[in-house]
Structure formats: C-alpha cells, structure tokens
Amino acid sequence: MGVEWVLVCHGLVTLLVVISFLCGQWPIFQGTFVERIHYFLTSGFYDYLLRFVGFLCGSRGTNAILSVEYFCCDRPNPILQLIYVVILGATYYLVVKSSFVYIPGYYLGESHRYISLAAVCVGAVLFLLTSFSDAGTINSENVSHYLSAYPYDNILYSEKECSTCRIPKPARSKHCSICNRCVARFDHHCGWMNNCIGERNNRFFLAFLLWHFFLCVYGTAAIVMILAGRMVDLKVIHILTVYYGIEKSFRSLAPHVVQWLLSSYNTQILLMVFLAIVSLLLAGFFGYHAHLCLTNTTTNETFKWQDYLSWQRKLNEAKISAEALKASISELRKEGKAPVSKWKSFFRRSPLEDAEVVVKTNMYDKGWVRNVGEILHPLSMRQSFRQSKVHNN
C-alpha cells in the first residue's frame, strides 16, 4: 500500500500546486493558504532566492539572476514553447508506451491509435499558427486604417501617440514591451506562444485552448476505457466477489478495485489524473476567453475597466462626502436648531448610499453574433478595410 499512497499524495500535491499557481489570485481563494502558496510560487520564492544568492555570491550572483530574468520574462524567447513541445511529446509517448498495447480492447477499437495521433497533430498545428502568425502589428503604413476600424470611446481610449513607435495609437491597441511593437486589439502577450495575442491570431488562440481541452478529455476518457476493458478481460469483479467473498456493491468493491489499479497500472493512473487536471484548467481558460469574445472585450481591457470603475466609484463617493460635509457645516451654523435624537442619527441613511452607481458602457460590444464574427473574421481582413487602404493610397 505504500506505493499507492505515495502516488495518491503526489497527485493531490500536484493538483494543489497547479491550482495555487494558476488560480491563487481568484477572489474565492482570498485570505486562504492557496493564495499564500500562489504568492510564494510567483514572488516569494524568487525574492528569497535573490537574497540567498546575494548573501553567497554578492552583487555578481544577483546580477546574473536578474539577467536570466530579463531574458526569460522581458524579451522574446522560445523557452516555454520548447516546454510545451516536451510536455506534448512526452505525454503522448507515455500514452503510446503504456496504453497502446491494450488497443484494440474491450471498449476501444484499432482506429483510436490513428485518431489520437491525428488529434495531437491538429493541436501542434494550432500551436504553430498561434505562435508564428501576425497578431496584428501596427505600423506607419496601416495605422490610418486601424484608426478608422477602431474608433475611440473616450473612456478607456482617447487620441494619443505611441511614445515608442512614434505613430498614432488606435483604440484597443497596446505597445507590447516584450515584442517591441504596437498590436491591434491587443489581448495579452502569451509566453507559451512567444507571441502577442491580438486581432489577427485571437481565433487561433481560442481554437488552441478549445482543441487541447477536448484532447485532454479524450485522453482521460480513453485511459478510463482501457482500464475498464482490462477489468473486464481479467474478470477482476468476478474474482473479487467469487474468490474473495467481497460484497457485490460499489461501496465494497471500490477500495479493492482502486488498490488493484494503482498497483498494476500506476503509469496510466498518473497520466489520467494529469490529463484530467489540465483539462479542467483549459476549460477555465477557454471559458474566460470565450466570455471576453462574446462581450467583445480583451484581457487588457478588463484591467482597464477595473481601474476606471474603481476610480469613478471613489470620485462619486468623494463628491457625496464633500456635499454631506458641506450640508453638515451649514446646519451647525444655524441658530436655535433642536438637538437630533441619537436613535434617529443611528438609523439615518448614509450619504454614500446615494452615490451614483457606476455603469460599464462598452461601445465595442455589438451583440454576441457580431462579436464572434469579429474574432473569426478580423476587421483588418475584411473587404471594407482593404478598400479603405486603396482609397488612402
């Protein structure tokens, strides 16, 4: 049983670390140990490492680590791309090595050998399309067309010039400091793709997330079917009930079946758990970006809206507080005013409750049909955009 418990603990710890690293900032985990683990993994460990290296090697060691950080985080590099290739290749290799010997089986036919290979190849193609396609680079030649395609809302975006590129900055664009270029309808810079996600390749990115989610679900289900087939072929339930006298119920059989699976097929179990965890994470990522797609919002704009709405609320509260203070001073100046009951003052409505509710007005949201159409067929690739280029030329 020792090996089985080690495998179970390994799976639980892996799940905790992955969830903490990727989801630790979510409001649901605020103030919990998951948030603390997230902080340690993303900031705390690095700070301790810098101090430790600085203590041992002085400024030279610290500068060396900062140089590595600059190369990995502040400049385009293929490190995460290579890690993706290794993860994809290693996972598929382990599945082939450990599970293909049982295909065809009781539940899976021979065709799944080729279906799985085709599915992995499609995922690799989507990865290449997202990584190496143009995200929507803005330059002096096409900036006027992007200015007409994306009007300013004068809330998040107003007329200004990019201080680096020295060209007008179209609405919804952003200068990526890593790629050193302005990108139309900028969403975010993805380290896994070593590329920005913008107007022209957002569709490939969404397809990548969705396809890899289905790929992980397919892999998980295929391994489950393989293990179920092995149970049927080896008559595990029959042996447990007839020869060992175990009651034929789920509650009685489950611990013995799990123990047998962990001892005989631990590689398949680990692969299944890994694929299931990754599928859940991909489902969350795709759900978030699908919501952005349906509301015609970008990741960059969600942060802008948060800052804008927070600033507007504070401004409204400051105005109400100033008016309430002014009214209180004027009342104190009145002579012969009857004293106010303490109970009345206790139940008096707070002036802040009358503050105007701040509403998000996204002028780029044109209904989910047109929003999805803008992702699938970007504005810069439409005939009207090309005709405007011809006219301007």
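Select Asn194 to begin: at 22% relative accessibility, Asn194 counts as partly exposed, a class that lies between buried (under 20% relative accessible area) and exposed (over 50%), computed with a 1.4 Å probe on protein chains only. The model is predicted, so local features need pLDDT of at least 70 and side-chain atom pairs count only at pLDDT 80 or more, while totals for chains, interfaces and linings use all residues. Residues are numbered from 1 along each chain as its sequence is written, and side-chain values use heavy atoms, with hydrogens and water left out.

Asn194 sits in the loop between β4 (188-190) and β5 (195-197); helices (H or I, at least four residues) and strands (E, at least two) are DSSP runs, numbered from the N terminus. The phi of Asn194, a residue other than glycine, is positive, near 55°.

Next, select Arg172, in the loop between α6 (143-149) and β2 (174-176). Arg172 also is not a glycine, yet has a positive phi of about 70°. Is Arg172 buried or exposed? Arg172 is buried, with a relative accessible area of 0%.

Move to the loop between α4 and α5, where Pro104 is found. The peptide bond that joins Ile103 to Pro104 is cis, with omega near 5°. Most residues other than glycine have a negative phi, and most peptide bonds are trans.

Now display helix α8 (residues 236-243) with helix α9 (residues 250-264): the two pack at an angle of about 125°, and their axes are 11 Å apart. Axes are lines fitted to C-alpha atoms, for helices over the stretch in contact, and angles run from 0 to 180 degrees between N-to-C directions. For the side chains at this site, select Val236, Ile237, Leu240 and Thr241 of α8, which make the contact with Leu253, His256, Val257 and Trp260 of α9; contact means heavy atoms within 4.5 Å.

Finally, turn to the largest nonpolar core, which has 38 residues. A nonpolar core is a set of buried Ala, Val, Leu, Ile, Met, Phe, Trp, Tyr and Cys residues joined through side-chain atoms within 4.5 Å. Which helix supplies the largest share of this core? The largest share, ten residues, comes from α7. Phe208 and Leu261 have the most contacts inside the core. Around Phe208, select Tyr84, Gly123, Leu126, Phe127, Thr130 and Met193, which Phe208 touches when residues up to four places away in sequence are not counted. Another core, of 16 residues, lies apart from the largest one and includes Tyr146, Cys182, Leu309 and Leu379.
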